Amino acid sequence: MKFYKSVIQTMKDTTWPDRKKAGLGIKAVVMTSILFAIFFAVVDYVVQVILKLFV
């Protein structure tokens, strides 16, 4: 029971971001994910081309 009281108190003490800040955070995560996906796709393509030259 002590654990649940602690969890409830922690949730009450937590400050959550407002809608605007949450939206900015989501946009940052999505853009970073897209950029990483593009980067790794380019690296994968380059490695494939290099390997085809040697095989």
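Reply: Let's start with Thr-32, which counts as partly exposed because its relative accessibility is 39%, a value between the 20% limit for buried and the 50% limit for exposed. Keep in mind that this is a predicted model. Thr-32 belongs to helix α2, which covers residues 19–54. Now look at its side chain: a polar atom there lies 2.7 Å from the backbone oxygen of Ala-28. A polar contact needs a pair of N or O atoms within 3.5 Å, so you can see the 2.7 Å between Thr-32 and Ala-28 as falling inside that limit.

Next, follow helix α2 to Phe-36 and Phe-40. These two residues both lie in α2, four residues apart, which is about one turn of the helix. Phe-36 has a relative accessibility of 47%, so Phe-36 is partly exposed too.

Now for the rings. A pair of aromatic rings is described by the distance of the centres and the angle of the planes. The structure holds three aromatic pairs. In one of them, the ring centres of Phe-36 and Phe-40 are 6.1 Å apart and the planes meet at 20°, so this pair is stacked. Ring pairs also bring in Phe-39, giving a cluster of Phe-36, Phe-39 and Phe-40. Another pair is formed by Phe-3 and Tyr-4: the centres are 5.5 Å apart, but the planes stand at 70°, so the pair is edge-to-face. Phe-3 and Tyr-4 are both exposed.

That takes us to helix α1, which runs over residues 2–13. With twelve residues at 1.5 Å a residue, α1 should span 16 Å, and this agrees with the 16 Å between its end C-alpha atoms. None of the residues of α1 is buried, so the helix lies largely in the open.

Finally, step back to the whole chain. Its secondary structure consists of two helices and zero strands. The C-alpha atoms fill a box of roughly 65 × 30 × 10 Å along the principal axes. The radius of gyration is 22 Å, whereas a compact globule of 55 residues would have one near 10 Å. Of the 55 residues, 0% count as buried. The accessible surface comes to about 5,600 Å², and carbon and sulfur atoms account for 74% of it. So the partly exposed Thr-32 you started from sits in a chain where 0% of the residues are buried.

How values were computed. Residues are numbered from 1 along each chain as its sequence is written. This is a predicted model: local features need pLDDT of at least 70, side-chain atom pairs count only at pLDDT 80 or more; totals for chains, interfaces and linings use all residues. Side-chain values use heavy atoms; hydrogens and water are left out. Buried means under 20% relative accessible area, exposed over 50%, partly exposed in between (1.4 Å probe, protein chains only). A polar contact is a pair of N or O atoms within 3.5 Å; within protein, one must be able to donate a hydrogen and the other to accept it, and residues adjacent in sequence count only if both atoms are side-chain atoms. The radius of gyration is taken over C-alpha atoms; the globule rule is 2.2 Å times the number of residues to the power 0.38. Accessible areas come from the Shrake-Rupley method with a 1.4 Å probe; for residues, only the protein chains shown count as cover. Rings of Phe, Tyr and Trp (its six-membered ring) pair if their centres lie within 6.5 Å; planes under 30 degrees apart count as stacked, over 60 as edge-to-face and the rest as tilted. The expected span of a helix is 1.5 Å times one less than its number of residues.
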